[in-house]
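Colleague: I have the model open and a few things to ask about it. Mind if we go through them one at a time?

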Amino acid sequence: MLELLKSDTMSIYLDEALESERRKFRFDPDSRRIDSIPDKNDILIRATEIVSGEYTPSLPEKVLISKLGTPKKRVIYVYNDLDRLALKLVQHVLSLRYDRFMPCCLAFRPGFSIQAAFRNVLRRYAPEYSCVRTDISDFFNSIDVDRMATLIRSLLSEDEPLSSVVERMLLDPNVIAEGHVLREQKKGVMAGMPLAPFLANLFLDGFDRQAVQWAPIYLRYSDDLIFFCRPEDAKSLLDMVRSELGALGLEINEDKTHISSPGESWSFLGLSYENGQVDLSEGAIEKMKGKISRAARKLYRWRVSKNASTERAARALIRKFQFKFYGTGKKDDELTWCKWYFPLLTCHYGLSQIDLYMQQWIRYLSSGRHCKKNFRQVTYDKMKEWGYIPLKSAYYNRFRVSPGAEEKQTR
C-alpha cells in the first residue's frame, strides 16, 4: 500500500484535492482561510505515517450541525486539516485497492458512475413494480465498532499497521467537545471522518450481497436504500430489511420509509420519476431552497454590518451557488448539479423552481425584505451582469458544462 500511496497517480489525486480546497475558499464565502491548507509534502508524510502505523490521528472534534427543515442536530467529527487530508488520501488508496463492493453499492467509489447506475434502474424498471424506499437512522455513527474492527482486520490482513491505526481510532471513545476531552458512548465510524464512507460500505457489504437476491432491483447510496419488487412482496421485503439491519445493530428511519404502489412516483438520489419523466425530487428542491435562504440572510446581515453594496452581497451569493451548481470545469466537480443531475433529468420544472427562488433571494439582499421595489432595484439584467446563470438555461445549453470552464466541452 505504501507503494501505491507514493505513486504518481496518488500525487495527481492529491494535487486535485488541494486545488479543490483552494477553490472552495475562493467560491464559498463561508469557507475558512486559504492559508490554513497544509503543504502537499506534509500531507504525504502524514499519510505515510498512518499507513505504516507510526502515527494515529489526533482526537476529532465533535460538531453539531443543523439538519435541514428540522430542529434536530446532526453529529459529525472533524479532524485537523493535516490529519483530515492525509486520511482523505488514505481513503482514496483503500477505495482503489479494495473496491470489492457489489454494483448495487453506489456511494463513495472512485470512477463509479452514478448516472450509469440510475439509467440501469430505469431500463430495468417496470410499471407493475412497487417501490420500497427506506433510510438508515444515523448510519455512520451507529455502526458497531467491535464488528467493524473484525472486518477491518480481515480486509487489511496484509496491511496490519494501518489496520491497527484504524482500530485505535474507532475504539478510542474520546473526542474533543467545546475545547474539552469528552468520552463518547457511541460514535461508530464517525460521520465526517474521511475513512467513514469506505468503512460504511465494508460494514454493509454482507447485507448488500443478501439484499440483491430479495428483489429484481436493489440499490444503496450510503444509508439510502431502494427496492423494486412485486406488490405482493413489498411488505415482507421491508420486514426482512428491518430485521437484517437490526441484526447489525442498525435501525431504519420509519419517517423516511415508504412503499409506492405500481405506477406511483418514486424518488432516489435527489431525483423523482413519474410517468416516464425524471425531475428533481421535492426533497432536493426543498433542501436547496433552505441553503439559499440561509445564505442570503447571512449575507444581508453582513452587508448591513459592513455597509456594503447590494451588488457586492449579491455577487457573493451568486458566486457561492454558481459553484455548487456548475463548479469550475475542473475534474473534481462530480457532485455539482450540472454533473450530478443534468445528465439524468428529462424536464426542467424543478430547476425552474430553484431559479425563481434564487432570483427572489438575490433581490432580498437589496432591502432585507421580499417586496415589489426589489424588482426595480435588482433587475434580471443586473443579476446576469453580476454573474447569475439560471439552471434552466444551463440545462438546455449543454455545451456550457461549467461557467468557470476554460474550454467548452460537448457531450
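Colleague: Is arginine 209 buried or exposed, or partly exposed?
Modeller: This is a predicted model, and in it arginine 209 is partly exposed, with a relative accessible area of 35%. The limits for that class are 20% and 50%, so a value of 35% falls in between.

Colleague: And what does the side chain of arginine 209 meet in a salt bridge?
Modeller: Aspartate 205, at 3.0 Å, N to O. Both residues lie in helix H10, four residues apart, about one turn of the helix.

Colleague: Where does aspartate 205 stand, buried or exposed?
Modeller: Aspartate 205 is buried, at a relative accessible area of 2%.

Colleague: How many salt bridges does the structure hold?
Modeller: There are 20. One of them is between the side chains of arginine 46 and aspartate 83, 2.5 Å from N to O. That pair links distant parts of the chain, with arginine 46 in helix H3 (residues 40-51) and aspartate 83 in helix H4, 37 residues apart.

Colleague: Are arginine 46 and aspartate 83 buried or exposed?
Modeller: Arginine 46 is buried, and aspartate 83 is buried too.

Colleague: Let's switch to helix packing. At what angle do H7 and H8 pack?
Modeller: About 175°, and their axes are 10 Å apart. H7 is therefore roughly antiparallel to H8.

Colleague: Which residues make the contact?
Modeller: On the H7 side they are Val145, Asp146, Met148, Ala149, Ile152 and Arg153. H8 supplies Ser163, Val166, Glu167, Leu170 and Leu171. By class, the contact has seven nonpolar, one polar and three charged residues.

Colleague: Which residue does arginine 153 form a salt bridge with?
Modeller: Glutamate 167, with the closest N and O atoms 2.8 Å apart. That bridge runs from helix H7, where arginine 153 sits, to helix H8, where glutamate 167 sits, and the two are 14 residues apart.

Colleague: How do arginine 153 and glutamate 167 count for accessibility?
Modeller: Arginine 153 counts as partly exposed because its relative accessibility is 42%. Glutamate 167 counts as buried, at 13%.

Colleague: Now H9. How many of its residues are buried?
Modeller: Eight of eight, so the helix, residues 196-203, is mostly covered. Those buried residues are Ala196, Pro197, Phe198, Leu199, Ala200, Asn201, Leu202 and Phe203.

Colleague: What does leucine 199 touch, leaving out residues up to four places away in sequence?
Modeller: Met148, Ile152, Val166, Leu170, Val189 and Met193. In the largest nonpolar core, which has 69 residues, Leu170 and Leu199 touch the most other members. H4 gives the most to this core, with seven residues. Apart from it lies another core, of 61 residues, among them Ile226, Ala313, Ile354 and Tyr364.

Colleague: On to the backbone. Which residues have a positive phi without being glycine?
Modeller: Aspartate 138 is one of them, at about 45°. Glutamate 178 is another, at about 55°.

Colleague: Where are aspartate 138 and glutamate 178 placed?
Modeller: Aspartate 138 is in the loop between strand E3 (130-135) and H6, and it counts as partly exposed at 47% relative accessibility. Glutamate 178 is in the loop between strand E4 (174-177) and strand E5 (180-183). At 76% relative accessibility, glutamate 178 counts as exposed.

Colleague: Last one. Where is glutamate 385 found?
Modeller: In helix H17, residues 380-385. Glutamate 385 is exposed, with a relative accessible area of 57%. Its C-alpha atom is separated by 10.0 Å from that of glutamate 311, 74 residues apart along the chain.

Methods: Residues numbered from 1 in each chain as written. Predicted model: local features only at pLDDT ≥ 70, side-chain atom pairs only at ≥ 80, totals over all residues. Heavy atoms only, no water. Buried < 20%, exposed > 50% of the residue type's maximum accessible area, 1.4 Å probe, protein only. Axes fitted to C-alpha atoms, helices over the stretch in contact; angles between N-to-C directions. Parallel < 35°, antiparallel > 145°, perpendicular 65-115°, else oblique. Contact = heavy atoms within 4.5 Å. Nonpolar A, V, L, I, M, F, W, Y, C, P; charged D, E, K, R; others polar. Core = buried A, V, L, I, M, F, W, Y, C linked by side-chain atoms within 4.5 Å. Salt bridge = Lys/Arg side-chain N within 4 Å of Asp/Glu carboxyl O.
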